[in-house]
Amino acid sequence: MNKNVLEIIAERLGQCSKSQKKIGSYLLENYATAAYMTAAKLSETVGVSESTIVRYATELGFLGYPELQSALKYAARRKLTSVQRLALLKERSDGDPLARSFNSDIESIKKTLAMTDRESFDKFVSALMNANRIYLVGARSSASLAIFMNFYLSILFDNVQVVHTVIGSEAFDQMFRVKEGDVVLGITFPRYSKLTVDVLEFSKRAGATVLGLTDSVRSPIVKTADITLFADNESDTFVDSLTAPLALINALIHEIGRRDPERTEKRFGILERIWAENDVYDDV
């Protein structure tokens, strides 16, 4: 579905039955809370039968209530501020927060593995390995992913640069030489960084190959990227979950090393000698 779930609900509100109109009106006003309700809980809250909830989801074009619920969660993550997400978390103080956080990340990794297209993954790796120069772009919390990826790619390649995004206009200053043959990898997750979107569009116009690492086909960088990989980062807290995106980055780095084992072994061999000579690691 190309339209936002809230737009779909609003458009169909006038065509619904009385019961469905009650559901739609409630969802439009309370979508962030409703996103974490079971069908049974939503039916109790709105005052309609659970079967009506399920039928309403399918009539909106979803496969069932779980898919509608997922779309509501996505809408909430895109629109809610950190303060609003924190307030929502206080309302949902159910269960063990430690276990809930870990289980959420475990599920995100499973979802990411399931939705990773192997052909796209292979092409993504090939693009990085064949690039004249690699630019890594990640703003806000995604900057940590770009920096982590740069740590290893800079060992494996001589042509890697992190685009620093603290001052937005300077990102373009760092990329004025980008051209055909270069690869620009943009990383962004809800709420999406406009700067990352703009930098990727700038790179595309310059002739570079654009790679995207994001959460969904609805992400604004998908239309610009030549190849996109998706990682689930669903979180019901004010903290962005980067566990699954980091796992996908690990897999990319592992595959690059596997494809060129001689270079990987040679470079890490040199580093290990330097680390030993300079007493980099504590010998416990």
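# Helix packing, a parallel sheet and salt bridges

Me: Which residues of helix α3 are buried?
Reply: Helices (H or I, at least four residues) and strands (E, at least two) are DSSP runs numbered from the N terminus, and α3 covers residues 39-46. A residue is buried under 20% relative accessible area, exposed over 50% and partly exposed in between (1.4 Å probe, protein chains only). The buried residues of α3 are Ala-39, Leu-42, Ser-43 and Val-46.

Me: What arc do these buried residues cover around the axis of α3?
Reply: The residues in question are Ala-39, Leu-42, Ser-43 and Val-46. They lie on the same side of α3 because the arc, taken from the directions from the helix axis to the C-beta atoms, spans only 100 degrees.

Me: At what pLDDT do side-chain atom pairs count in this predicted model?
Reply: Residues are numbered from 1 along each chain as its sequence is written, and side-chain values use heavy atoms, with hydrogens and water left out. The model is predicted: totals for chains, interfaces and linings use all residues, local features need pLDDT of at least 70, and side-chain atom pairs count only at pLDDT 80 or more.

Me: Which backbone nitrogen does the side chain of Thr-112 reach?
Reply: Thr-112 belongs to helix α7 (residues 97-115) and counts as buried because its relative accessibility is 5%. Beyond its neighbours within four places in sequence, Thr-112 is in contact (heavy atoms within 4.5 Å) with Phe-230, Ala-231, Asp-232, Ala-244 and Leu-248. At 2.9 Å, the side chain of Thr-112 reaches the backbone nitrogen of Asp-232.

Me: How far apart in space are Thr-112 and Ala-244, C-alpha to C-alpha?
Reply: Ala-244 is among the contacts of Thr-112. The two residues are separated by 132 residues in sequence, yet their C-alpha to C-alpha distance is 6.6 Å.

Me: Which residue of β3 stands opposite Tyr-135?
Reply: Strand β1 (residues 134-138) has 5 of its 5 residues buried; Tyr-135 and Val-137 point one way, whereas Ile-134, Leu-136 and Gly-138 point the other. Strands pair if DSSP finds at least two bridges between them; β1 is parallel to β2 (residues 160-163) with 4 bridges, and parallel to β3 (residues 183-187) with 5 bridges. In β2, Tyr-135 has Gln-161 as its bridge partner. In β3, the residue opposite Tyr-135 is Val-184.

Me: Which residue forms a salt bridge with Asp-158?
Reply: A salt bridge places a side-chain nitrogen of Lys or Arg within 4 Å of a carboxyl oxygen of Asp or Glu, and 11 are counted by this rule. The closest N and O atoms of the Asp-158 and Arg-267 pair are 3.0 Å apart. The pair links distant parts of the chain, 109 residues apart, with Asp-158 in the loop between α9 and β2 and Arg-267 in helix α13 (residues 261-277). Asp-158 is exposed because its relative accessibility is 68%, and its salt-bridge partner is Arg-267.

Me: Which residues form the network that includes Glu-255?
Reply: Glu-255 forms a salt bridge with Arg-259, with 3.0 Å between the closest N and O atoms. Glu-255 is buried at a relative accessible area of 13%, whereas Arg-259, at 32% relative accessibility, is partly exposed. Through salt bridges that share partners, one network joins Asp-122, Glu-255, Arg-258 and Arg-259.

Note on methods
Polar contact = N/O pair within 3.5 Å; in protein donor to acceptor, adjacent residues only side chain to side chain.
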